[in-house]
Amino acid sequence: MNATRVDLEKVRIPALLLIILLLLIALPFGRPGYTVVLVYTIVMYIILTMSWVLFSAPTGYLSLAPAAFFGVGIYTSAILGMTFPLSVVICVAGLASACLALLVGALTLRLRGIYFAFFTFGLVELIKHFVLWYELTFTGTRGRFLIPVDNNTIYYVTLAILVALLLTTYLIRRSKYGLALQSIGEDEEAAAHTGIHVTLLKVITFAISAVFMGAAGAIWAIRLTYIDPYIAFDINNSFMPVLMAIFGGMGQLYGPILGAAVFSYLREILITRFSYYYMLLIGIILLVAILYLPNGLAGLIQTWRKKAWGGQHANT
Amino acid sequence: MITFLNVVIAGLLLGGLYALIAMGLSMQYGVARVANFSHGEFIMLGGLTTWTLYTAFGVNPLVSLAVCGPLTFILGYIIHRTLFKRLFVSSASPDIFESNSVLASFALLFIIQNIASIAWGPEIRGYSYLRVPVNLAGAVFGANRLVTLGFAVVIGLAFYLFVTRTRMGKAIRAAAQDPATAGLMGVNIDLVLALCFGFGAALAGIAGMLISLCYPVHVIMGQEYTIIALIVVVLGGLGSIPGSFIGGFVLGIIGSVVTHIDPGLSLVAYYLIFVLLLLVRPTGIMGR
């Protein structure tokens with residue numbers, strides 16, 4: 001009985017994912033215009049959230065660096081976008097972010113706990129002020145313009161980055177490398193004693209997660225068309241992935257995706273309908289989620305499923 | 001020589017503010033274990049309240065100390081009692097509480113900032129009070145900035161004496177070391193933690209009032225001060241009140257020197273110090 005159920009699940013989930021992917025690919029043909037923009041905004045937040053989860057969920061490090069990597073991607077796009085094709089720009093943006101992550105990670109991933117959160121929080125401000133100082137002193141301008149690209153291109157590129165990210169996450173999770181990461185999160189000391197090169201592993205994972213944030217930033221920059229250091233290195237881009245992941249629940253792989261999708265959709269609606277109160281409303285939703293949904297939306301669904309199953313068993 | 005003196009005194013003036021802000025965060029993080037990323041918002045509240053009282057009702061900014069301090073204290077106390085207390089109870093381990101409280105403080109940041117922007121709007125506010133030049137050993141400073149330093153030092157010392165010399169201070173120090181054991185020894189732990197969070201908020205509110213004397217204030221000013229507070233607290237040693245006090249002045253002088261060279265780089269310099277410190281001596285100046 002149980003074996004067939006497991007087999008069914010094995011086929012069901014990839015099939016479901018494939019259908020969702022096909023639907024997403026077909027979307028611009030059916031519903032062009034605003035829907036496409038809305039969906040790639042949501043996909044962009046899913047990318048940020050999932051790449052944050054890639055590093056922070058298994059290792060337990062609270063990273064507030066996403067805005068830094070995202071901003072590096074944005075600036076790469078602004079500097080190279082005029083001369084190079086889009087695919088090159090996105091790859092370079094990913095690499096640039098990864099280099100920053102390698103540097104920062106090698107310096108700081110020995111730090112434990114809250115120090116790391118402090119450090120990464122400050123990193124965003126450091127880069128923002130440095131870029132602002134550089135632009136004002138050397139280029140004499142505050143912001144930069146980008147050449148706009150049509151929405152469908154942005155949409156497909158964003159979607160491609162998401163697919164690459166999800167595949168990477170999946171492969172890491174099922175490899176021994178993912179297992180080693182998990183063990184670091186549970187007990188770093190013990191992991192080191194079993195022969196895992198703890199710091200190296202953390203730094204590499206940090207860099208991999210930065211690749212996707214940088215790539216997402218590069219494509220997002222084109223949507224923005226005008227950027228300055230305050231837009232590119234907005235600290236909210238660090239808070240949002242963390243909050244979306246928690247909102248969705250990190251116990252399940254689908255939790256952060258669900259959290260990012262629901263939360264970013266909610267955010268779009270709140271911004272357009274209640275632009276004066278939207279931060280207030282977001283704050284309240286978060287407080288409620290932190291207090292009453294400790295396992296996030298995924299935890300809620302899990303409880304419901306358990307209840308439903310329990311009911312069926314009681315009937316038979 | 002005059003420029004050197006100028007820079008150092010300017011650094012001390014700045015350092016007094018930093019010390020006060022950092023002591024507040026040190027109370028909240030060192031004792032109540034809340035790494036409060038919304039610390040700067042309480043500073044903003046203090047500054048804007050002072051501005052409103054002065055421009056609308058003509059209340060002397062130094063008198064509004066008696067409003068800003070208690071107001072932010074009550075706010076902090078209530079927030080701890082309602083929000084962080086609940087999180088403290090529901091979190092399985094201190095580590096989980098720490099990350100949960102960071103998230104809750106983001107939410108607070110959003111809420112406070114949004115309410116303030118509804119109340120005060122996005123304009124940059126400033127007023128002129130005690131802007132008279134004072135000659136100090138050849139260097140000229142505004143009287144308002146000297147008053148700021150005086151207040152910061154007096155409040156900082158009073159607070160230090162409170163923590164080291166009184167019965168309540170002893171309870172606070174016990175709670176900082178081990179909340180569970182302190183509770184077993186008869187310390188009313190809920191009260192002490194909420195008081196500490198409240199004191200932290202009050203110090204931020206008072207710092208905000210002092211900041212409004214010297215600099216323009218606005219709704220999104222908080223974040224910059226939050227970062228400075230975090231840096232100073234790490235510089236002084238997490239949870240050490242004298243450490244935060246000294247660290248504030250150290251950072252103030254460094255900031256003043258760098259500002260003298262290139263004003264655009266002062267935050268960059270703070271941050272580089274922060275990085276070096278975390279790498280070389282993460283326990284800070286006075287850390288255990």
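## Close-up views of a two-chain predicted model

Buried residues make up 53% of the 288 residues in chain B, where buried is the term for a residue with 20 or more other C-beta atoms within 10 Å of its own, exposed for 12 or fewer, and partly exposed in between, with C-beta atoms placed from the backbone. The model is predicted: local features need pLDDT of at least 70, side-chain atom pairs count only at pLDDT 80 or more, and totals for chains, interfaces and linings use all residues. Residues are numbered from 1 along each chain as its sequence is written, while chains are lettered from A and ligands numbered from 1 in the order in which they are written.

**View 1. Chain B as a whole has 11 helices and two strands.** Helices (H or I, at least four residues) and strands (E, at least two) are DSSP runs, numbered from the N terminus. Starting at the N terminus, the order of elements in chain B is α-α-α-α-β-β-α-α-α-α-α-α-α. The C-alpha atoms of chain B occupy a box of roughly 55 × 45 × 35 Å along the principal axes. The radius of gyration of chain B is 19 Å, which agrees with the value near 19 Å for a compact globule with 288 residues; this radius is taken over C-alpha atoms, and the globule rule is 2.2 Å times the number of residues to the power 0.38. Of the contacts in chain B with a separation of 6 or more, 78% are between residues 24 or more positions apart. Two residues are in contact if their C-beta atoms, placed from the backbone, lie within 7 Å.

**View 2. Chain A as a whole has 14 helices and two strands.** Its radius of gyration is 20 Å, close to the 20 Å from the globule rule for 316 residues, so chain A is as compact as a globular protein of that length. The C-alpha trace of chain A spans about 75 × 55 × 40 Å along its principal axes. Buried residues account for 42% of the 316 residues in chain A.

**View 3. At the interface, 36 residues of chain A are in contact with 35 residues of chain B.** On the chain A side, two or more residues each come from helix 4 (86–108), helix 5 (114–139), helix 11 (236–248) and helix 13 (278–292) of chain A. Helix 5 of chain A gives the largest share of that side, 14 residues. By class, the side of chain A that touches chain B has 29 nonpolar, six polar and one charged residues. Ala, Val, Leu, Ile, Met, Phe, Trp, Tyr, Cys and Pro count as nonpolar, Asp, Glu, Lys and Arg as charged, and the others, Gly among them, as polar.

**View 4. Helix 4 of chain A has 23 residues.** From first C-alpha to last it reaches 32 Å, close to the 33 Å expected at 1.5 Å a residue; the expected span is 1.5 Å times one less than the number of residues. Its buried residues include A:V89, A:I90, A:A93, A:L100 and A:V104. The cover over the buried residues of helix 4 of chain A includes helix 3 (66–80), helix 5, helix 6 and helix 9 (198–224) of chain A, together with helix 11 of chain B.

**View 5. Helix 6 of chain A covers residues 151–174.** The end C-alpha atoms of this helix are 35 Å apart, which agrees with the 34 Å that its 24 residues should span at 1.5 Å a residue. Among the buried residues of helix 6 of chain A are A:I154, A:Y155, A:I161 and A:L165.

**View 6. Helix 9 (residues 222–236) and helix 11 (residues 266–280) of chain B have axes that come within 10 Å and cross at roughly 35 degrees.** B:I228, B:I231, B:V234 and B:L235 in helix 9 of chain B meet B:Y270, B:F274, B:L277 and B:L278 in helix 11 of chain B. This contact has eight nonpolar, no polar and no charged residues. Axes are lines fitted to C-alpha atoms, for helices over the stretch in contact, and angles run from 0 to 180 degrees between N-to-C directions.

**View 7. B:G11 lies in helix 1 (residues 2–30) of chain B.** B:G11 counts as buried, with 23 C-beta neighbours inside 10 Å. Apart from neighbours within four places in sequence, B:G11 is in contact with B:G252, B:I253, B:G255, B:S256 and B:V257.

**View 8. A:T225 has a positive phi of about 60 degrees although it is not a glycine.** Most residues other than glycine have a negative phi. A:T225 is in the loop between helix 9 and strand 2 (226–227) of chain A, and counts as exposed with 12 C-beta neighbours inside 10 Å.
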